Amino acid sequence: MKTDIMNREDVFLLVSSFYSKVRANPEISHFFNETIEDWPSHLEKLTDFWETNLFMVSKFRGNPMRAHKEVDNRFNNSIEQKHFGVWLNMWFETIDELFEGDRANIAKNRARNMAGNLFMNMYLSRSKG
């Protein structure tokens, strides 16, 4: 029987399992593998991000919007909504493989909202140059 996401260790398991899939995915891996130089450090930062979002602790320091805009710019504005869809489907799949419960559902809903907001803001910033 699966349990819900209960603590930082669970968040790290989710994040590291998920990004193992991302790094191997033929559609989106290049955005990550050609950008992230220190994966262990990045996984800790992403764990901070999700721990902050799921447990309302103040651990994450960063600007995801700016980071995504910079990556999109680096790849000549080639990130499309379908790439966020691939990312989101893998996120849901990883959660469903590892967890179930209220916090797992919150992680899905927050990711869905973030993916939409990140893509829209990234896309709109293109026209502003």
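Visitor: What covers the buried residues of H1?
Guide: In this predicted model, the cover includes helix H2 (29–33), H3 and helix H5 (81–98).

Visitor: And which residues of H1 are buried?
Guide: They are Asp10, Val11, Leu14, Val15, Ser16, Phe18, Tyr19 and Val22.

Visitor: At what angle do H1 and H3 pack, and how far apart are their axes?
Guide: Helix H1 (residues 8–24) and helix H3 (residues 39–55) pack at about 125 degrees, and their axes are 9 Å apart. The two helices are therefore oblique to each other.

Visitor: Which residues make that contact?
Guide: H1 contributes Arg8, Val11, Phe12, Val15, Ser16, Tyr19 and Arg23. From H3 come Trp39, Leu43, Glu44, Leu46, Thr47, Asp48, Trp50, Glu51, Leu54 and Phe55.

Visitor: How many of them are nonpolar, polar or charged?
Guide: The contact of H1 with H3 has 10 nonpolar, two polar and five charged residues.

Visitor: Is the crossing right-handed or left-handed?
Guide: H1 passes H3 in a right-handed crossing.

Visitor: What span should H1 have, at 1.5 Å a residue?
Guide: Its 17 residues should span 24 Å, and the end C-alpha atoms of H1 are 24 Å apart, so the two values agree.

Visitor: A change of topic: where is Tyr123 found?
Guide: Tyr123 belongs to helix H6 (residues 102–128). Its relative accessibility is 45%, so Tyr123 counts as partly exposed.

Visitor: How far is its C-alpha atom from that of Glu80?
Guide: The C-alpha atoms of Tyr123 and Glu80 are separated by 8.5 Å, while the two residues lie 43 residues apart along the chain.

Technical notes:
Residues numbered from 1 in each chain as written. Predicted model: local features only at pLDDT ≥ 70, side-chain atom pairs only at ≥ 80, totals over all residues. Heavy atoms only, no water. Axes fitted to C-alpha atoms, helices over the stretch in contact; angles between N-to-C directions. Helix = DSSP H or I, 4+ residues; strand = E, 2+ residues; numbered from the N terminus. Parallel < 35°, antiparallel > 145°, perpendicular 65-115°, else oblique. Left-handed = near helix turned anticlockwise from the far one by under 90°. Contact = heavy atoms within 4.5 Å. Nonpolar A, V, L, I, M, F, W, Y, C, P; charged D, E, K, R; others polar. Expected span 1.5 Å × (residues − 1). Buried < 20%, exposed > 50% of the residue type's maximum accessible area, 1.4 Å probe, protein only.
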